[in-house]
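Please keep the sequence and the structure in view while reading.

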Amino acid sequence: APLRSAASAPPLYDVVVSGGGMVGSAMAAVLGHDIHFHDKKIALLEAGPRKNYDHMPDSYSNRVSSISPGSATLLSSCGAWDHVCSLRLKPFRRMQVWDACSEAMIVFEKDDLDDMGYIVENDVIMSALTKQLDAVADRVEVFYRSKAVGYTWPLPSHSCDTSPWVQVELADGRRLQTKLLIGADGHNSVVRKEAEIKNIEHQYDQSAVVATLHLSEATDNNVAWQRFLPTGPIALLPLSDTASSLVWSTSHDHALELLAMDEESFVDSINSAFWSNINHSDFIDTAGAMFRSAISLLKPSGTAVRQLPPSVAKVDPESRAMFPLGMGHATEYVQHRVALIGDAAHRVHPLAGQGVNLGFGDIACLAHHLSAAAFNGSDLGSLKHLLKFETERQRHNVSLIAATDVLKRLYSTTLAPLVLLRTWGLQATNALPPVKVSI
Amino acid sequence: QLSLFRFTVKRPFSTSHSSVDSKEMKKFQLLAHKWWDEEGEYAALHSMNDIRVPFIRDTLLSMRSNYHLGNPLSGMKILDVGCGGGLLSEPLGRLGASVTGIDPVEDNIRTADRHKSFDPVLAKRIEYKSSSLEEIVEESMETFDVIVASEVVEHVADLETFINCCSQVLKPEGSLFITTINKTQLSYVLGIVVAEKIMGIVPEGTHEWEKFVPPEELEHLLESNGFSVKTVNGMLYNPLSGSWSWTESTSLNYAVHAVKAGARAQSHPTDTPETAPAQHSATAATA
């Protein structure tokens, strides 16, 4: 039988990851460090240039992420967490979330004195992942300045002469083939669009304003703060004893105002957002107080101690930026020889601090299934194990994304009935340990 | 049909003891191009890989001391008898083994060759030959570390000859893996009536109940041909989920692992393990 000449065909990879952000890089690094992928060929395609992470600037970057313990475990598994720890990160023990329209508050903390999570600059995570990718350069080839412009999909049960692999065309004309294409190319994923996977999406009429802030006085700063204002949640994430990162989701117009105003006014706005009670109404306050005493009758240890957020003194010049917010969910995460992870599969509002953690969760699940498939000698692009990944992750992600969306809408109003509902809801949730633990 | 006649003319000794049944060959010829459709006629065989590959892999790993989990079967020479379109040869090749796949139906070999040709690693590791087992005996005496005969023995004409040939091409202390179907009332009802005629899990006419092999008979033939039977495990197919699992009962499908006697008279503890090697095997069910 005439054999296809392998010499003329483009290079064949076992896995190609499209998108070299935190999620794409972590996917490539985790697979590269997997024992069953020891003899496999992996490629990571990144449209941008290779960044130099050798020198971390003294000032903090304004793009940070809240990393859950589960994500830390994943980063540990490929050796990246050690690098993060040796650079810089801020563990936090407690999260206080409260309403601008009432006294209702909910506090999350672990019973044992474990860390709830870590605030890490995105650049620090990228630096750690880049180091770990370099460590497995014999297995993982990183293509910088390599934007994928076209994908050709194989027919499922392939016929005679067509290649069974996914064909990838780069902007400079180079071509690759792969047995499995992983799309980690963000919420405007080209992989998802080319695969014609329908995406449910919705632009929130909100933008997030980020900045690096300096506190009025040094403090333990191991609490993450979030207050729901009618215009959107404002969050203060600890970076160090004297610095915190701001993530303020608000209307586009307000966001532009915040960016334009002078530094002093900006700092005043932040402090006022956290401290002012202007949105309280007597009615709500009374109703809330009544509910609180009702709870303390039933459950004496009811609500936790209310701490006061730190006040802000200064903002880092040049650190103010804004980006638009939206929600998105792909109807399918997988197809024959294709899998979507991270924002390419799902995009959430930052109010839950979950965005990148969902992506890392996708990686843990997909890597688990791919590792087993490799050890079974299976075809890596086979839908059989890809569907298992999809089912597990959709089950987990859909409820969280829906809940986040509902919360966002619920907290975007000052209408008394809804405020009352969420006030009582928050107070009840705060008093009930089982519900809090599951969150 | 034409290739069948050519086969008979070219090989004069096909009239002597042959394990190949020409009627069986014809059946498979018609489906030669359907092998690689994971949801098609051979779907149950594709999903059987999920238990037979780990079974083979883990059994072999438990008998080795030097291996790398990234390439667990590296260095092993495996013969896949009745390889069909290469459904089992390819995973074994991916795990690092050098695989020779043989099948008497030329169209199957053609399909298998074409399918592996797109993957340079597999193309090098796997070699396919259109041949019966007897035809390669002379040139392959004691050549292979492992023989796998999966879903094959229920199609051969002369089982004793088949096992004898296996013994000849296998190295001393080499492993033989067989999966096949028991000959019971249950296997008639479920394996033929339900599987073929009612649910279409297997193309109609694929199996003949008369040729099913009870494990006792298989064990007896193996032991009297120089093999030591190490493991017998029942297998069960769930048509609703499309997946296979291990089970206590061997009344339907079952798998066997046997080891050819060593060249040395004395056997060392590490050479022929008496304990059931595969982690997931239940009790080593004999009769």
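In what follows, two residues are said to be in contact when heavy atoms of theirs lie within 4.5 Å. The model described here is a predicted one.

An overview of the two chains comes first. Chain A comprises 439 residues, of which 52% count as buried. Its secondary structure consists of 12 helices and 20 strands. Among the contacts in chain A with a separation of 6 or more, 77% are between residues 24 or more positions apart. Chain B has 287 residues, and 56% of them count as buried. It contains 10 helices and eight strands. For chain B, residues 24 or more positions apart account for 72% of the contacts with a separation of 6 or more.

The next subject is a pair of helices in chain A, namely α9 (residues 355–375) and α10 (residues 383–410). The crossing of the two helices is right-handed. On the side of α9(A), the residues that meet the partner helix are A:L358, A:G361, A:D362, A:C365, A:L366, A:H369, A:L370 and A:A373. On the side of α10(A), they are A:H385, A:L386, A:K388, A:F389, A:E392, A:R393, A:H396, A:N397, A:L400 and A:I401.

Another helix pair in chain A consists of α3 (residues 80–87) and α4 (residues 122–135), whose axes come within 8 Å and cross at roughly 135°. That angle makes α3(A) oblique to α4(A). The crossing is right-handed. From α3(A), the contact involves A:A80, A:H83, A:V84 and A:L87. From α4(A), it involves A:V124, A:I125, A:S127, A:A128, A:L129, A:K131 and A:Q132.

Two loop residues of chain A deserve attention for their backbone angles. Most residues other than glycine have a negative phi. A:R145, although not a glycine, has a positive phi of about 50°. This residue lies in the loop between β8 (140–143) and β9 (148–152). A:N221 is likewise not a glycine and has a positive phi of about 45°. Its place is the loop between β12 (199–215) and β13 (223–229). Is each of these residues buried or exposed? A:R145 has a relative accessibility of 62% and therefore counts as exposed. A:N221, at 5% relative accessibility, counts as buried.

In chain B, the residue B:K116 belongs to helix α5 (residues 106–117). B:K116 has a relative accessible area of 6% and is therefore buried. A polar atom of the side chain of B:K116 lies 3.3 Å from the backbone oxygen of B:A123. Which residues does B:K116 contact, leaving aside its neighbours within four places in sequence? They are B:E90, B:L122, B:A123, B:I126, B:E127 and B:Y128.

B:L159 is buried because its relative accessible area is 12%, and residues under 20% count as buried. If residues up to four places away in sequence are not counted, B:L159 touches B:V153, B:V213, B:E217, B:L218 and B:L221. The C-alpha atoms of B:L159 and B:H220 are separated by 12 Å, and these two residues are 61 residues apart along the chain.

B:L159 also takes part in the contact of α8(B) with α10(B). The axes of α8(B) and helix α10 (residues 215–223) of chain B come within 10 Å and cross at roughly 45°. The two helices are therefore oblique to each other, and their crossing is right-handed. The contact is made by B:L159, B:E160 and B:I163 of α8(B) together with B:E217, B:L218, B:L221 and B:L222 of α10(B).

Key:
Residues are numbered from 1 along each chain as its sequence is written. Chains are lettered from A and ligands numbered from 1 in the order in which they are written. This is a predicted model: local features need pLDDT of at least 70, side-chain atom pairs count only at pLDDT 80 or more; totals for chains, interfaces and linings use all residues. Side-chain values use heavy atoms; hydrogens and water are left out. Helices (H or I, at least four residues) and strands (E, at least two) are DSSP runs, numbered from the N terminus. Buried means under 20% relative accessible area, exposed over 50%, partly exposed in between (1.4 Å probe, protein chains only). A polar contact is a pair of N or O atoms within 3.5 Å; within protein, one must be able to donate a hydrogen and the other to accept it, and residues adjacent in sequence count only if both atoms are side-chain atoms. Axes are lines fitted to C-alpha atoms, for helices over the stretch in contact, and angles run from 0 to 180 degrees between N-to-C directions. A crossing is left-handed if the near helix is turned anticlockwise from the far one by less than a right angle, and right-handed if clockwise. Angles under 35 degrees count as roughly parallel, over 145 as roughly antiparallel, 65 to 115 as roughly perpendicular and the rest as oblique.
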